[in-house]
Structure formats: C-alpha cells, structure tokens
Amino acid sequence: MQHKVFIYNTLTRKKEEFIPIHPGHLGLYVCGPTVYGEAHLGHARPAVTFDLLTRYFEHLGYKVRYVRNITDVGHLADEVAGEGEDKIARKARLEQVEPMEIVHRYTESYHDNMRALNVKSPSIEPRATGHIIEQQQMIREILSQGFAYEVNGSVYFDVFKYNEKYPYGKLSGRKLEELYENTRTLDGQSEKRNSADFALWKKAAPEHIMRWPSEWSDGFPGWHMECSAMSTRYLGKTFDIHGGGMDLVFPHHEAEIAQSTAAHGHDAARYWMHNNMITINGQKMGKSLGNFITLNELFTGSHSLLEKAYSPMTIRFFILMAHYRGTVDFSNEALLAAEKGLDRLMKGMEATQKIIASAKSTVDVAALHHKCYQALNDDLNSPVLLAQLFEAVKITNSLLAGNETIDAKGLELLRKLYHDFVVDILGLLPEAQSGAAKSDLSGQLIELLLNLRIEAKNNKDWATADSIRNQLTQMGVVIKDTKDGFEWELK
RNA sequence: GGUCUCGUGGCCGAGUGGCUAGGCAUCGGUCUGCAAAACCGGGUACAGCGGUUCGAAUCCGCUCGAGACCUCCA
C-alpha cells in the first residue's frame, strides 16, 4: 500500500506522517470507559474515532492490535487530596451491591451500545483488576528508579524528582512551577509531598471492599497505572499510537508518560491522538456537569432534550460528519440533518445495483476514488470523505436519471468505492427495516393496495389513486412512483 | 488567575493566502395526472476593527464573544 497517512500528534502539535515501528503493523492503545454508569454520547466519540482509525489501517493492509481497556478500579471520585473514594466502590456502596456487579452491568451495557454503533470490538479489552500484578510490578520499577515514595502504605509518584530529569508536562504544555502555583492545596490533609504528585498505590480503608495484597499495604492501584501497565503488557515498552479523549491529556496521559519514562527510561507511545468533546448548548457533555444524554436515551428518544429517537447509525454518522479534533455541538437539528444525509448516502449506495454499464463513461470515478483516500490520509478527515461520497451519490443518481453514462470498469469501481469507504471504513450499515418486511403479510397487503392504485391510475381514477397513497403515507409507508410501477418503504 | 483552543451562510460542518467543499433547510426549473424521489440552477459566509500583501475567511495585532484544561470526566 502506497498511502502516506498523516496524523496529528498532540505531542508535537503537528500533523506527522505515520511511520509504524514494525512495517505493516499498528499497535494502538485507547483509554476506555470507567464502568460506573451508562455510556453517553461523549463515550461514543473516541469509540467511533478510533474505530475509524483501525478500520482504515486494516483496509490499507495493516495488521492492527487494538487494545482498549475497561477501568474497573482505582478511579477516584475526588483526587484533590488523593483521598477520594473509588468510583466503582462508591456506586456499589450506594446501591448496596458488589463492585463487580456494577462493573459487569455497565460493561455489558457499554458493549451493547458499541455493537449497536457498529464499533468493532478491540483486539484485547483488558481490565485494571485483571492486571494488578503487572501494575504492582511497574510500581516497583518506578520505586527502584527513585521516582516514587511510600507513605503509610500508599505509594506516590514524585513529580518534582521526575521533573529534574525529564520534562513533566510535555504533552499538555504545562510547566510544573505553574501547576504548583495553580493547584489547590489542602495543607496537612494529604500524604503527598507535593500537590502535583499522584497515587500509584492506595492503601485501602478498612471498609473498602476492593483490595489486593502488596508489600506496601492491602490496597488498590491508582488510576493512571493501569494504562501504563496494560499497554506495556500487550503492546510492549514502545508502541505506535495512544489515543483517548482530549480531557485525558492532563493529568491522565501526562501521568502515563511520566510513569513509563520513570520505569523504562523512555516514553511509550510515539503518536498521541485525542478526540475533542461533544458539547451541548456549547458546553462539554460530561458526567460531572450532569448534562449528558446516554446512548440508550438517544436510541429510544427518552430524554427531554430529544425530539425523537435517533438510530445508532444516525449517531455514528453524526459523529463522522465532524472532524475528530473539533468539538461537535449536540442539537436536534444537527441530528435530523445527519439522519437525512445518511439516508441519502445509503440510498445512493443501494442504487448502484440498478445501474447498467454503457460502452463509455462520462464520469471520472477514479479521480473521486483518489480523493477519498486523500481525505483519510489527511488526519482522518471524515467530513471531507463524506463530501466526496456525496459526490458519488450525485454521480450515481445522474447515471440513474440517464444524464451520465458509465462503463463496466467504472461501475465496478463505483460499487467498490461505496463498499470500501461507506461500509468497511466508515462502518455505516443499512438500517434494519423495522416492522413489515416485503415478504410479511403486511408487506404483501401494502403491495396489493399499491397494485390496486396502479389500476386506478391506469383508469385515470386519480381520486382513488391519491386516496390510497395518502392513507398509506399516513400509516408511514413512503411511496415513490417509477416509470414502470412503484417503490415503497416504511418510514 | 495560568495555559490553550475556537468564532464560517437559516442550521451543521470542511477549507487555511488567489481556483464552487459537502450535508440539512430554503427558493426557481425539469420530470410526474398531481405528489414524492431524482436531476439542473439560484441566494444569503467567513465575529469586529486595523495591518502585511498585487491579492486574506486563510498571516500579524487589538477588541468582543464562546469553550477546554489547571480536581473526576470520553
């Protein structure tokens, strides 16, 4: 494959040509969800973004190992003083169930949502609780290098010590001195030497259920540890791309870089990719603000801000309509536009089946094909790709209308273009028809009525013909007359 | 307060020095018994002010506005 793919590297703040460590292979790590609640629209963004990335690289012939974790321990609800309660444990306590019940429930829900969005399952989906040993081992390495210290059974990363040797803040563009000045410090309430330090291992309080033995204490790992430990385990000490939401740049990814560098002497990921946020009324959609809409609510329309239900494919298309590094503002209008646009695209793709090749072409599909690759090679520019695909739709419809002609080779390429880019790469699938299928009794009844309407039309009995059409339309049957009959579908 | 990002037509959303992005909506036309779909065509843009330039939405400065991160958040 001769494609040069450029991706924006947060580390350098530039688009860089992607060069794999091992030719033909891509090692990708993406931060997955903390499973203590239902997935919302914001969770769909990185999932779809990095799904697009893996699908594209696979299309280009790469063998991709995609690791996306499930965080099921160690994510503290309040890390101001490093004394917060674990999010999973907190939810379990509030609901009086086992933490693992919480984890199981929301992991299942997350998987269901991802399947609905046609997000491919990653190659490996490791869990923090399944890698306590690896995390402890890495903590030992960091301790042995002198970049961490133990206090009362907890282990903290010594950011100041680290910063003497390595630049802390290189990913987020922060200076440690500024961080120190700007961080709210609660004197005397923290075991940490400095407010910028973060927990690698936390000693569990007596009532804390989630705990594992270690030489420091019965406790649990700090949030940032899992990604460093698990990416190392499955992708090695150096791998190609690390991805996640922009809100994770600081402190999570900065901490990961520090941990890996402290333990191994170098950074783990070569390219850092970050998707931007989904906003609602111009504000970030997030758990803490409580302004989120869950994916299940979107699929069913059960949220006060939703005018109707939106299908998973509409949501996927909506996300792909914007470039991943820009914010996307939620609105019914935008979602509705996405729904219609998707419909137009899918109809265009289906329509290629009805086209008959001519001896010569008046359209240049090859040029369009090339532009599709160009769009993706330029930092996964899905909106530009979609613009090209709508050009394909225009060509398709013009062919159908007889305004243009295409030869057999061109037609084959046109069909391949749709299949490769719409289905394989963008992951957009035709929506399953709800309700009556053409073979159902109701479908047969609809066709019976429409055939009666044809008879009425032939007799120029417009009143009867229109009456049948209007009533069927009211019932949600969309009717299109064609030269030699009719087409119909359920709305 | 610090660091950073962004402000494009009715809505969404690309572009980043000169050549129509695209979608949705809207208007006119073709087709159709009428409609729908489709096709053809039209209109309304680059927050404001100043500067650089032969030429700026695109570069620079200022002003206004919005947002992100600095605590957990995809």
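I began with a network of salt bridges, which links D51, R55 and R316. My rule for a salt bridge is a side-chain nitrogen of Lys or Arg within 4 Å of a carboxyl oxygen of Asp or Glu. By this rule I get 22 salt bridges.

Note on the source: this is a predicted model, where local features need pLDDT of at least 70 and side-chain atom pairs count only at pLDDT 80 or more. Residues are numbered from 1 along each chain as its sequence is written, and side-chain values use heavy atoms, without hydrogens and water.

Next I looked up R68 and E125, whose side chains form a salt bridge at 3.3 Å, N to O. R68 sits in strand β4 (residues 63-68) and E125 in the loop between α3 and α4, so this pair ties together parts 57 residues apart in sequence. Helices (H or I, at least four residues) and strands (E, at least two) are DSSP runs, numbered from the N terminus. Is R68 buried or exposed? R68 is buried, at 3% relative accessible area, while E125 is partly exposed at 25%. The cut-offs are under 20% for buried and over 50% for exposed, with partly exposed in between (1.4 Å probe, protein chains only).

Then R105 and E95: their side chains meet in a salt bridge of 3.1 Å, N to O. The pair links helix α3, with R105, to helix α2, with E95, 10 residues apart. R105 is partly exposed at 38%, and E95 is also partly exposed, at 32%.

Methods:
Chains are lettered from A and ligands numbered from 1 in the order in which they are written.
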